[in-house]
Each structure stands twice: as C-alpha cells, then as structure tokens.
Amino acid sequence: MSEERFAGKFDKREIDTKVREGIPFRHRWHNAFHFEMPFGLVNDPNGLSWYAGKYQIFFQWNPLGVEHKHKCWGHVETEDFVHYSLPELALWPSDVHDKDGCYSGAGFVEGDVLRLVYTCNRKEDGRRIPAQRLASWQPEKGIAAKDEIIIEHEPRGVTAHFRDPSRFVKDGREFLVLGAQTEAKKGCAVLYEKKEGAWQFTGELKTELSDFGYMWECPTLLPLAEGDVLLFSPQGLPAGDYRWQNLYQSGYVVGRLDVDALEFQHGAFHELDRGFDFYAPQAFLHEGRAILFGWMGMPEREKEYPTAEEGWLFSLTMPRELRLQDGRLLSAPLEEMKALRKGAPQKFGAVHAEEIGQLLAEKAEIELSLVLGDAQEAHIDIVYAEAGEYLRFSYDRRCAVMTLDRTAMKLGGRGMRRFRLAVRDTLKLHIYRDKTAIEVFFQDGEEAASFFVFPTKETASQLVVSADRKLEKIEGKAWELGGFEWKER
C-alpha cells in the first residue's frame with residue numbers, strides 16, 4: 001500500500017496549523033493545566049523521555065475525530081511542565097504495517113538520537129496483524145522518521161492482542177516488555193532481549209497473576225533501588241465493593257525481576273488511581289525521579305463526556321512523581337506544579353466546628369487537613385450553587401472507606417467510587433481543580449483519584465467541609481492557579 005493513499009488524510013502542515021489556531025482554548029470546559037488538544041481524541045501518553053535538555057511527551061491522538069480511529073502520535077516538549085511547545089502531529093499511519101493506526105509505545109535515548117518504539121496496527125479481513133517498529137525523532141522537522149520493523153508478528157502462544165512495547169535496562173541488558181493475551185485468553189506480559197543487534201523473544205513473564213483479566217495493556221518496568229515495579233493496565237477484572245470499579249483498571253506490582261529465569265516475585269496488585277477517569281499510565285526515570293502521566297478518560301465510555309459534542313475528548317493527568325515506600329507506590333504532583341500558584345494562599349480553618357465553607361477560584365489547589373476528633377463521618381463538597389450541583393468526598397471512619405460521589409452533577413459521567421483508606425486521627429486531601437479535570441491525593445499520596453465534572457453553568461464554587469460531629473480542627477490552604485503557557489518549538 002503506497003504512502004500516497006494517506007497524503008490527504010494526514011497533512012502535517014494543515015493539522016499543525018489548525019492546532020495553532022485552536023490555542024489558546026476558548027471553550028469554558030477546556031482545561032488550563034491538564035494537557036489536551038483543541039480537537040480530536042487524546043488517549044495514552046507515549047514516548048515519555050528526557051532528550052536535548054527537555055522533557056519529551058508524545059501521546060495517542062486522533063486528529064480527525066472523537067472516535068478511537070486514525071491513531072497517530074502528537075508531541076509536545078517542556079523544560080518545566082508549565083511552559084510547553086505548541087502541540088504537533090509527530091507520527092501517523094503511512095504504510096501497510098501501520099495503516100490502521102500507530103498504537104502506543106515508549107521512548108529512549110540511543111547515542112544522540114531519541115528512539116521511539118511503537119505497535120503498528122494492521123487489519124486484513126477483520127484479522128489483527130500487529131508488528132513492533134522503531135522510529136527516530138527528528139526535532140528539526142517535528143516528525144518521527146520510521147525505521148525498521150523489529151518484531152514482525154506475535155510470538156507463539158500469544159494472540160494478536162500484542163502491543164505497547166516499553167524498554168528497560170536490567171543488569172546491564174536491554175529489554176522490551178509488551179502487553180499480551182495468551183491463547184487461553186489470559187492477560188500477560190512478554191519479554192524480548194536485544195542480542196547482537198536484534199530483538200529476540202525470551203518468553204512470557206512468570207508472575208503470580210496467572211488468571212488476572214483477559215488482556216494486559218501498557219506495561220512499564222521501573223527498576224528502582226528499592227525494588228522492581230511493573231505498571232500495567234489489566235482488562236477484564238471483576239468489580240468488587242472497594243476495588244476494580246472502573247471498566248478497565250491500572251495498577252502495579254512490586255518485587256524482584258529475575259530476567260534469566262523470567263520470574264517476577266512480587267506482592268499484591270495495587271491500583272494507581274481510584275477515580276472514574278484514569279487509564280493507560282506511562283512512567284519514566286530521570287535524575288532519580290519516577291515521573292508518571294496517565295490518560296484521563298476511559299475507553300468505551302465516550303458517551304459520558306459532553307466535550308465530544310464540541311469536537312474534543314480527554315486529557316492527560318498532571319505529571320506525578322512516584323515514590324516506593326514499604327512495598328507501595330506513593331504519588332504526588334511534581335514539585336514543578338507549584339509554579340502554577342498565583343500569589344500567596346488563602347488560609348481558612350476552624351476549631352471544634354461541624355461545618356465551614358471557603359470560596360474557590362475557578363482553577364484552584366487546596367490542601368486540607370481534618371483532625372477528626374469525635375467525628376465518625378466527614379464530608380468535603382465542591383458546590384456549584386447556582387447550578388444546583390455538587391461533588392462530594394465522604395469518609396466513614398467506622399469502616400475506613402472513602403467515597404467519591406458525583407451523582408449530583410447533571411452532565412457527563414456520574415456514579416460513585418469507594419475504596420479503603422486508613423486514617424488514624426487526621427484526614428488529608430490535596431485537591432487540584434481545573435475547569436473540568438480534578439485530581440485528588442489522599443493521605444500524602446497513599447491513594448489518588450482523577451476524574452471529570454462538567455458544571456452546567458459557568459459559576460463560582462465553594463468548598464464546604466462538614467461532619468456528623470464537631471471536627472477537632474480544620475486547616476486549609478487554597479491557591480488560585482494559572483495555566484500552561486504555549487510557545488513555538
């Protein structure tokens with residue numbers, strides 16, 4: 001199939017020009033400090049890396065519509081996660097191998113070149129034919145130049161659901177880990193090792209999760225000093241009362257990887273985020289930090305997002321730093337996010353109070369600490385009074401359960417999410433509220449939750465803290481936040 005077939009569909013100059021014309025954003029639902037595009041569908045973060053003195057962020061993008069079709073890669077770069085280059089089209093379907101989409105992958109520096117590895121999606125007579133390919137980033141042109149196919153087809157014992165390569169180095173050796181599905185329709189991860197210049201299949205990674213969903217997507221292996229961490233997104237886990245409540249999940253296991261035995265001895269699977277809108281995260285290491293982005297959205301739930309009617313869908317999360325402690329990953333916004341603050345915080349609080357309120361800026365960061373005292377139930381509401389809507393976080397001390405409740409919102413996805421949260425005396429929340437995207441970090445990052453709300457009116461909001469009995473102490477700080485600044489690359 002010739003490249004000419006795609007010339008009219010993916011015109012980089014035309015698409016890049018349309019992006020520039022759409023920034024700065026004008027619609028009231030467009031977020032200010034969560035990365036999104038002026039049009040099209042954004043999903044998985046890809047190719048996260050540090051190269052040429054800047055953070056390189058690629059992402060899945062359909063520039064032609066708000067459906068999961070025509071998958072390309074977009075690109076931005078930043079030095080500080082506040083000032084960004086204008087987004088551009090970087091990689092798109094152009095030949096027989098990836099004619100049905102350039103799927104997810106990773107980035108790594110090889111010599112003085114940023115290499116990208118991704119899954120080529122091709123379908124013939126309804127049959128999926130995956131291949132893994134290298135590309136080289138050409139910053140002067142703003143494109144990823146396609147190189148050789150390094151893995152032509154799925155290995156024996158694995159179905160055509162075989163994708164999302166990610167590179168890691170272990171014991172001085174170079175590997176790729178890919179998400180896959182066995183012929184028995186069980187999710188798994190497989191490894192390839194680079195030997196004598198070629199990527200050779202080493203086998204399925206042996207874990208203690210032999211029957212854990214029907215497909216594992218977007219694996220990332222982080223070899224940390226405290227232990228090896230495998231991030232992945234399993235599909236097909238049955239929902240429980242306090243876990244696995246989204247259609248698809250994203251989480252991790254921690255342990256030690258033996259690359260010779262292909263064994264990963266690890267602990268329990270933990271979810272990375274408890275919100276409604278989080279999937280397919282990717283992380284990378286730079287100068288001692290493990291930095292993660294996630295996709296704020298959920299596949300097969302597109303009808304829950306009213307922005308589709310305005311021509312765009314989904315965001316990326318803010319960048320997070322992951323820290324391994326006692327076998328669990330703690331997550332926190334990167335330190336660089338403090339640069340979004342506009343001036344000094346507004347402090348608020350009370351002693352021995354059952355309820356207080358605090359007005360919020362349109363874009364806000366809130367640090368909140370509640371010394372529970374005799375209270376058994378505490379509620380934190382973001383209230384859109386003029387719209388008659390609110391979002392609620394409820395903590396029940398008796399069963400140590402946090403509930404996220406957006407049933408009082410009128411547009412978009414609604415429902416509840418519940419999860420266990422151990423709180424001894426003091427409940428802590430760190431909240432980032434953008435135009436529609438909200439991210440919350442609980443108990444200094446022991447848990448996190450990402451989700452959207454779509455207020456029906458452009459109205460002021462208020463934070464309301466209440467409890468069933470007087471809270472011993474309420475302490476809060478609220479900052480007004482700015483947004484990303486865009487410039488030509």
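This is a predicted model: local features need pLDDT of at least 70, side-chain atom pairs count only at pLDDT 80 or more; totals for chains, interfaces and linings use all residues.
A charge is taken to sit over an aromatic ring if NZ of Lys or CZ of Arg is within 6 Å of the ring centre and within 35 degrees of the ring normal. A second case involves R420, whose charged end sits over the ring of Y242, 4.2 Å from the ring centre.

Aromatic rings also pair with one another. A pair of aromatic rings is described by the distance of the centres and the angle of the planes. In total, 34 aromatic pairs are found in the structure. In one of them, the ring centres of F232 and F269 are 5.3 Å apart and the planes stand at 55°, so this pair is classed as tilted. The two residues belong to distant parts of the chain, 37 residues apart: F232 is in strand β17 (residues 227-235), while F269 is in the loop between β19 (263-266) and β20 (270-271). Residues under 20% relative accessible area are counted as buried. F232 therefore counts as buried, with a relative accessibility of 1%. F269 is likewise buried, its relative accessible area being 12%.

A further aromatic pair is formed by F393 and F442, with 6.4 Å from centre to centre and 65° between the planes, an edge-to-face arrangement. Because F393 lies in strand β30 (residues 389-396) and F442 in strand β34 (residues 437-442), the pair ties together parts that are 49 residues apart in sequence. Both F393 and F442 are buried. Ring pairs also build a cluster, which links W29, Y248, Y279, W295, Y305, F314, F452 and F454.

The next features concern sheets. Strands of a sheet pair through backbone hydrogen bonds, either parallel or antiparallel. R115 stands opposite S136 in β10.

Another open sheet has four strands in the order β12-β13-β14-β15, again with antiparallel pairing. The edge positions are taken by β12 (158-170) and β15 (198-204), and because each has a single partner strand, one side of each lacks a neighbour in the sheet. Neighbouring strands are turned by 30° against each other on average, direction ignored. The partner of β12 is strand β13 (residues 173-182), which runs antiparallel to β12 and is joined to it by eight bridges. Across this pairing, R167 stands opposite L176 in β13. The hairpin of β12 and β13 has two residues between the strands, and D171 in this hairpin takes a positive phi near 55°. Although β12 stands at an edge of its sheet, ten of its 13 residues are buried, so the strand is largely enclosed by the rest of the structure.

The cysteines were examined for disulfides, which require a pair of cysteine sulfur atoms within 2.5 Å. A search of the whole structure finds zero disulfides. For C188, the nearest cysteine sulfur is that of C218, 14 Å away, and C188 is in no disulfide. C188 counts as buried because its relative accessibility is 1%. C218 is in no disulfide either, the nearest cysteine sulfur being that of C188 at 14 Å. C218 is also buried, with a relative accessible area of 8%.

An unreviewed UniProt entry lists residues 34-333 as "domain: Glycosyl hydrolase family 32 N-terminal". Over residues 34-333, the model has 0% helix and 59% strand. The end C-alpha atoms of this segment are 12 Å apart.

Note on methods
Residues are numbered from 1 along each chain as its sequence is written. Side-chain values use heavy atoms; hydrogens and water are left out. Rings of Phe, Tyr and Trp (its six-membered ring) pair if their centres lie within 6.5 Å; planes under 30 degrees apart count as stacked, over 60 as edge-to-face and the rest as tilted. Buried means under 20% relative accessible area, exposed over 50%, partly exposed in between (1.4 Å probe, protein chains only). Two strands pair if DSSP finds at least two bridges between them. Axes are lines fitted to C-alpha atoms, for helices over the stretch in contact, and angles run from 0 to 180 degrees between N-to-C directions. UniProt positions are given in the numbering used here, feature names are shortened, and annotations may be inferred rather than shown by experiment.
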